[in-house]
Amino acid sequence: MPRVFDKIDSKDIALWGNHTVKLQHNLGESELFSDESLANIVESIDPKHIDITTMGEDVSTWGHVDRAGQPGASVLEAVRGGRVWINLQAIEQVDPRFKDLLDQMYGELEGTLPDFKTFKRKLGMLISSPTARVFYHFDVPGQALWQIRGRKRIWIYPPTEPFLPSTEVENVVRSLAMEDLSYEPWYDDYAEVYDLEPGQMLHWALNGPHRVSNLDGFSVSLTTEHWTSEIRRSYAMHYGNGILRNAAHLNPKSRSLDGPMFWAKVGLTAAWRKSGMDAKQGYQRKLTYKIDPSAPLGVVPLDESEQKQAARLGG
Ligand SMILES: [Fe+2]
């Protein structure tokens, strides 16, 4: 496989993990991202791993979309002309070439960045309309966004209060809430803004809240997710703080990833999960639209009986 990165500078190495790093990659040329390949992935991926959404123009409203048995090419047509965002998860399981790509990406990063050792890596793909967007949210694991086709603008905000309230992280880590965060327009004064072109990849500080607007063209991006031992410790810290706050009615302030208080939280988290006290409430997608390439937005609302049927079929 050809190299993913031509070079990673010492500046990027120094910034990695704590600040935003933009790197050039060589993935754009690959046959893996042709229309035919994309249509094939849409059709062959496990339905649990495809999440299609549509969204309002300005306000933070969005809904899940049923593929409704449409062939991959028709889904792409709806994306091209409509306002649709497709999130394909774990595509390394769809085609071994994506597994090889994921290994190559992290192999090069781990070979260059000192002390960067990852596990539980995942590769996702985003296929989205020229006007599609994703509202303000954060993600739990380490992550990067790789632009392949089209252009995207991304706003990245500091991973601290008030942009990222501790209670929100704790609830998401404990699966009590989705990753959406409340947003204020003035937050933008504190954002880093990047226009991502094909051939560019962005990695930012852990849990950094972000939002995305496509700029022009049919957009194809990859997302990578990974864990490191430090990310796992951060997860345990938030989980432990969440238990202390909700169950013990304390107001934990420490975000330390070491020391007796931290390890007490790790023990608390393990005991809590073992006791079955964690909610274990998997999030169920409610489908309220279906793909329709002939509709102006590429989707039409489902009526009530169609919604019930889609829920039965699980999308
Ligand atoms: Fe995200």
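Predicted model: local features only at pLDDT ≥ 70, side-chain atom pairs only at ≥ 80, totals over all residues.

**Metal site**

I started with the iron ion, which is coordinated by His137 (NE2), Asp139 (OD) and His210 (NE2) at 2.2 Å. Next I looked at how the donors of the iron ion are spaced along the chain, and the pattern reads H-x1-D-x70-H. The two histidines come from distant parts of the chain, with His137 in strand β6 (residues 133-137) and His210 in strand β10, 73 residues apart. For later, when I look at angles: ideal values are 109.5 degrees for four tetrahedral donors, and 90 or 180 degrees for six octahedral ones.

**Domains and their interface**

How is the protein chain divided? I get domain 1 (10-227 + 286-312) and domain 2 (229-283). I took the centres over C-alpha atoms, and 28 Å separate domain 1 from domain 2.

Then I checked the contacts: 20 residues of domain 1 touch 17 residues of domain 2. The area buried between domain 1 and domain 2 is about 1,700 Å², with carbon and sulfur atoms giving 61% of that. Which residues of domain 1 lose the most area to domain 2? They are Glu170, Arg174 and Trp227, together 38% of what that side buries.

Glu170 turned up again when I went through the charged pairs. Its side chain meets that of Arg245 in a salt bridge (2.7 Å, N to O). For the interface of domain 1 and domain 2, the rule finds one salt bridge. I also listed polar contacts across this interface and got three residue pairs, both partners at pLDDT 80 or more.

Which elements give two or more residues to the side of domain 1 that touches domain 2? I found α5 (166-173) and β10 (210-227). The largest share, six residues, comes from α5. Sorting the residues of that side by type, I noted 10 nonpolar, eight polar and two charged.

A reminder to myself: most residues other than glycine have a negative phi, and most peptide bonds are trans.

The peptide bond from Glu161 to Pro162 is cis, omega being near 0 degrees. I placed Pro162 in the loop between β7 (142-156) and α5. So much for the first flag.

The other flag is Asp115, a residue other than glycine with a positive phi, near 65 degrees. I found Asp115 in the loop between α4 (96-112) and β5 (119-128).

Note on methods. Residues numbered from 1 in each chain as written. Heavy atoms only, no water. Domains from an automatic or database assignment. Contact = heavy atoms within 4.5 Å. Buried area = accessible area lost by both parts, 1.4 Å probe. Salt bridge = Lys/Arg side-chain N within 4 Å of Asp/Glu carboxyl O. Polar contact = N/O pair within 3.5 Å; in protein donor to acceptor, adjacent residues only side chain to side chain. Helix = DSSP H or I, 4+ residues; strand = E, 2+ residues; numbered from the N terminus. Nonpolar A, V, L, I, M, F, W, Y, C, P; charged D, E, K, R; others polar. Donors = N, O, S within 2.8 Å, 3.2 Å for Na, K, Ca; no water.
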